[in-house]
Amino acid sequence: MPLVGKGVSRRRATLAQPQQGGKQTRRSNRGRKRAAEGEVGRPRTRLAAKRLKEENKVQVGVVAPTGGEDREFNQQVISISERGSDIERKELVEVDKRKEGGMGDDSGGLSANRAVGQEEEGNTAPFPERLHVGGSPVYKVERKLGKGGFGQVFVGRRVSGGNERGTGSAAMEVALKFEHRNSKGCNYGPPYEWQVYNALGGSHGVPKVHYKGKQGDYYVMVMDMLGPSLWDVWNSSGQAMSAEMVACIAVESLSILEKMHSKGYVHGDVKPENFLLGQPSTPQEKKLFLVDLGLATKWKDSSSGLHVDYDQRPDMFRGTVRYASAHAHLGRTASRRDDLESLAYTLIFLHRGRLPWQGYQGDNKSFLVCKKKMATSPEMLCCFCPPALKQFLEIVVNMKFDEEPNYSKLISLFEGLLGPNPAIRPINTDGAQKIIYQVGQKRGRLNIDEDDDQPKKKVRLGVPATQWISVYNARLPMKQRYHYNVADARLAQHVEKGIADGLLISCVACCTNLWALIMDAGTGFTSQVYELSPSFLHKEWIMDQWEKNYYISSIAGSNSGNSLVVMSKGTQYTQQSYKVSDSFPFKWINKKWREGFYVTSMTTAGSRWGVVMSRNAGFSDQVVELDFLYPSEGIHRRWDSGYRITSTAATLDQAALILSIPKRKPGDETQETLRTSQFPSIHVKEKWAKNLYLACLCYGRTVS
């Protein structure tokens, strides 16, 4: 059965401001050429050559890698000009051949967006031998304990006073966390992490900060000294932990996260290295702590108390590649579900000793890891784990963006693995005991297959599939015609017959090297040309048609690399640019958004993407939904905020949908989507009966 989604817009959501902008397109005063990737031109005057040289210098600064990631860039010159212009000029843009990636070494110890450690090692400012900040005692800075993404930690020993058995601020030894004033986390003064510790420090499972201040070039926090991390314990335990140990970690971690979430924060980087035990041979040696709050974010608005708005920025990965949630890989706004998914991967790793996506290397590591995570079912991942771990994973990967976790239910899953006497458990579970007690009497009524409200459709089944994605808009009655499974040799006759009947091409797509063609009487175009080319988006032909005032109105690509490009007169576009990329070019799209362009067409050819962006596209805002699955939740949230799907494309790995807010609000905002294994010929006719007409369609991977 096809899956139908229907939504009517009710309000407008604000698009997050892009972080990286590009150089503004130069307006030209001659010709009607539009941007085509790879179009190389020679400056015609010395002044033009000088300007081009200056642009080269500026662009090098723009494309410098950030976040410690290695990137390969190939700079090319392309031409962009506007209607009514007389002078052609060139614009330098970046061609990012790298697939979306992230950092993370094989130990799982590095995180994306964390180049600070390298900066700190490279800076010349020495660490002080003695420390005195914020009214603290004087500490002697001793051995180095470790380095995180946002700083380095040393042992601090009191020069005078203190107690060998003392705790807190009276302790002889404390942990000193240094962060250099020029590090990424200190761009606007004291580290952001200070704010989070102010809100959370000293609460259940979070170490307390006793003093903080600045000395020399460093911001410093004086914190409780803790013991080994779960990573250290795992290493010293033969790189595997017992079911009881993992269960103790699970329930206590859930109690810590519940407290943190109740204060409005998500941790953002849950992993074995960030869970520490208390100091050995002290009363806290079995107590669990969660540290490193540099990536913590608010899931709840402080003033309104409402959940933060949903968004997706595919270029914004935060976390550690090995343990990050799939939503974090895809750049979605962090929420409570992400901490729980990361905890699930942490627990499975500690028990099994390895995760199936370990070992990936290269610039596209994050892409490959996310793809593997979403293609691995809970049954496959937890085949050698206690049933509780599989049940826990199934629940958390199916959570909605703003869903409130049922912490007590999650904790109760592990109750059967815990020893009967809390006093002799390997991890102190006092934080979870209260919650366990609260649900103990309800245990008989809890069923993992039932939901508090209604059953959910499970995702990540581990079975890849490709489908047609078709999108339908409500319109006044009009004539529309479709053709599918069209071979190259039969394309012309279908187009010619449609034109003879007063129809023009509104949409094209491709499935296994056969074309799908949608023609209707409501395009508003005055004339149309098309080219079937053995190359993907034939540059020379496109630029020739731009000279004749035609603009790209629809494109399609085949698995063999062929492309069908349709260009029309009578569009509202005033300027156009396109890009071909080996990965979804969100950074380029983001740059063009800032220049006033909007995506108007896109397609794929094998694993390559082709995206067309235009000025004066009739949109006031635009967002992207990119996923290894069909992004049903994101689409419905966008619909509720006034967006409508305006372009779609898919590879064998990912599906991408562009959603836009039209400047002119349509009389009927109804939009529906279908996913079908075959071309939806029967369903199209059913939609026509309701005055719903095909607006765009594609064929590619939609379920996993």
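Being 4 residues apart in helix α16 (residues 632–640), E633 and R637 are separated by about one helical turn, where helices (H or I, at least four residues) and strands (E, at least two) are DSSP runs numbered from the N terminus. The structure is a predicted model, in which local features need pLDDT of at least 70 and side-chain atom pairs count only at pLDDT 80 or more, while totals for chains, interfaces and linings use all residues. Residues are numbered from 1 along each chain as its sequence is written, and side-chain values use heavy atoms, with hydrogens and water left out.

Between E633 and R637 a salt bridge is formed, with the closest N and O atoms 3.3 Å apart; the term denotes a side-chain nitrogen of Lys or Arg within 4 Å of a carboxyl oxygen of Asp or Glu. E633 is buried, with a relative accessible area of 19%, whereas R637 counts as partly exposed at 23% (buried means under 20% relative accessible area, exposed over 50%, and partly exposed in between, with a 1.4 Å probe and protein chains only).

An open sheet of 3 strands is arranged in the order β24-β26-β25, with antiparallel pairing, two strands being taken as paired if DSSP finds at least two bridges between them. Because β24 (619–627) and β25 (644–650) each have a single partner strand, they stand at the edges, and one side of each is left without a neighbour in the sheet. Neighbouring strands of this sheet are turned by 20° against each other on average, direction ignored; axes are lines fitted to C-alpha atoms, for helices over the stretch in contact, and angles run from 0 to 180 degrees between N-to-C directions.

Strand β24 is joined to the antiparallel strand β26 (residues 655–662) by 8 bridges, and the bridge partner of Q622 in β26 is S660. Helix α16 packs on this sheet, touching β24, β25 and β26 (contact means heavy atoms within 4.5 Å), and the direction of α16 makes about 165° with that of β24.
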